[in-house]
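Biologist: I'd like to learn how to read a model like this one. Could you walk me through it, one feature at a time?

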Amino acid sequence: MGLTTTEAPFIEVAREQGALYIQQPYELYSDSNHLAWAHLYERMHDRWLTYANQHFLKGIESLCLDPTRVPRLSDVNRFLEPLTHFSAKPVSGYVPAFKFFDCLRNREFPTTITVRRLDQLDYLPEPDIFHDIAGHVPMHTDPAFADALVRFGDCAHTAAELAASISDEQERMRRLTSIIRAMARFFWFTVEFGLMNSQNGLKVYGSGLLSSYGEIKHCIESPQVQRFPIQLEWVINQSFEIDHYQPLLFYVEGFDHLFELVDQLEKWMREGKLDNVAPGEPGVNAADLASFAEHS
Ligand SMILES: [Fe+2]
């Protein structure tokens, strides 16, 4: 069985035991897991050269990933940590929102260790190691991008702190829901699906795009995609759907620009501007809400 997405007994046991932070049992990867990684990496490579931003390309080089084998997280971290003090931290599955952002604040990136099925390379029932290590982690080698992620973590702490000051339980939950929704939207349209302006036109830095063979091309070339300069007031009120190619994307001018936006997000949160964002997707689940409330 190996460590295949939704089919890995090792992961099922960890989840049953409530173990979120785990080890990467490298010997469990099967030949078909390694082959899936090799195929994914091989077909993505030329597309990265065409569509990815230069910080990503530099990052993927400095991580020295083996194109033919599933990466060992300890190897990845050996190259990553000296650059930005970030590290990839193996997890058994979904990390509730507050914990996720808190990890970023500590320069740890919760990382899935399973690999998608070899016979379904384009189907992702949940994130896998290719999305996390090939899509996200190369960006973490860039100091300005890494700082923006840490600032996201600060936002989560601010949200919990603000919530703690509201005595009415119902009102506290209502505001937290709105703030978490705003943060999730902002994260989605930047870290997961962001574009960046460059001298050579728009390039991709969002990890959802960087790890998708079809969408990385579609998002830049298709006339069906709307691409706008990012505006914070738009993004926090904009719903999105996760089950198809994104029809609406936003671009930043660079990672200093991204950092300024996250900084602004935190200020707006303090000013109460995130307390009533437009309803709609994404939903805020009970685990996300509880993770913030616990830290209030
Ligand atoms: Fe992601």
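**Reading the model together**

Modeller: Happy to. Keep in mind that this is a predicted model. Let's begin with one spot: Pro282 sits in the loop between α12 (255–270) and α13 (286–294).

Biologist: Is Pro282 buried, partly exposed or exposed?

Modeller: We count C-beta neighbours: 20 or more within 10 Å means buried, 12 or fewer means exposed, and in between is partly exposed. Pro282 has 16 of them inside 10 Å, so it counts as partly exposed.

Biologist: And which residues does Pro282 touch?

Modeller: Setting aside residues up to four places away in sequence, Pro282 touches Arg181, Ala184 and Phe240. Tyr51 is another story: 231 residues away in sequence, with its C-alpha 27 Å from that of Pro282.

Biologist: What does β6 pair with?

Modeller: On one side, two bridges join β6 to β3 (residues 195–196), and the two strands run parallel. Strand β5 (residues 226–229) also pairs with β6 in the parallel sense, over four bridges. Look at Tyr251 in β6: it is the bridge partner of Leu195, and Pro229 stands opposite it too.

Biologist: How many residues of β6 are buried?

Modeller: Four of the five residues in β6 (residues 248–252) are buried, so to speak "mostly covered".

Biologist: On to the interior. What should I look for?

Modeller: In soluble globular proteins, nonpolar side chains tend to be buried together. In this model the largest nonpolar core has 85 residues, and Cys155, Ala159 and Val204 have the most contacts inside it. Helix α7 (residues 143–164) gives the largest share of this core, 11 residues.

Biologist: Which residues is Cys155 in contact with?

Modeller: Leaving out its neighbours within four places in sequence, Cys155 is in contact with Phe101, Met183, Val262, Leu265, Glu266 and Met269.

Biologist: How do I describe the way two helices pack?

Modeller: Check the angle between their axes and the distance separating them. For α7 and α12, the angle is about 5° and the axes are 9 Å apart. They are therefore roughly parallel to each other.

Biologist: What about α7 and α8?

Modeller: Helix α8 (residues 169–192) packs against α7 at an angle of about 170°, with the axes 10 Å apart. The two are therefore roughly antiparallel. Phe152, Cys155, Ala159 and Ala163 in α7 meet a set of α8 residues, among them Leu176, Ile179 and Met183.

Biologist: At what angle do the axes of α5 and α13 cross?

Modeller: Helix α5 (residues 97–105) and α13 cross at roughly 60°, and their axes come within 6 Å. That makes α5 oblique to α13. The contact is made by Ala97, Phe98 and Lys99 of α5 with Asp288, Ser291 and Phe292 of α13.

Notes
Residues are numbered from 1 along each chain as its sequence is written. This is a predicted model: local features need pLDDT of at least 70, side-chain atom pairs count only at pLDDT 80 or more; totals for chains, interfaces and linings use all residues. Two strands pair if DSSP finds at least two bridges between them. Two residues are in contact if their C-beta atoms, placed from the backbone, lie within 7 Å. A nonpolar core is a set of buried Ala, Val, Leu, Ile, Met, Phe, Trp, Tyr and Cys residues joined through C-beta atoms within 7 Å. Axes are lines fitted to C-alpha atoms, for helices over the stretch in contact, and angles run from 0 to 180 degrees between N-to-C directions. Angles under 35 degrees count as roughly parallel, over 145 as roughly antiparallel, 65 to 115 as roughly perpendicular and the rest as oblique.
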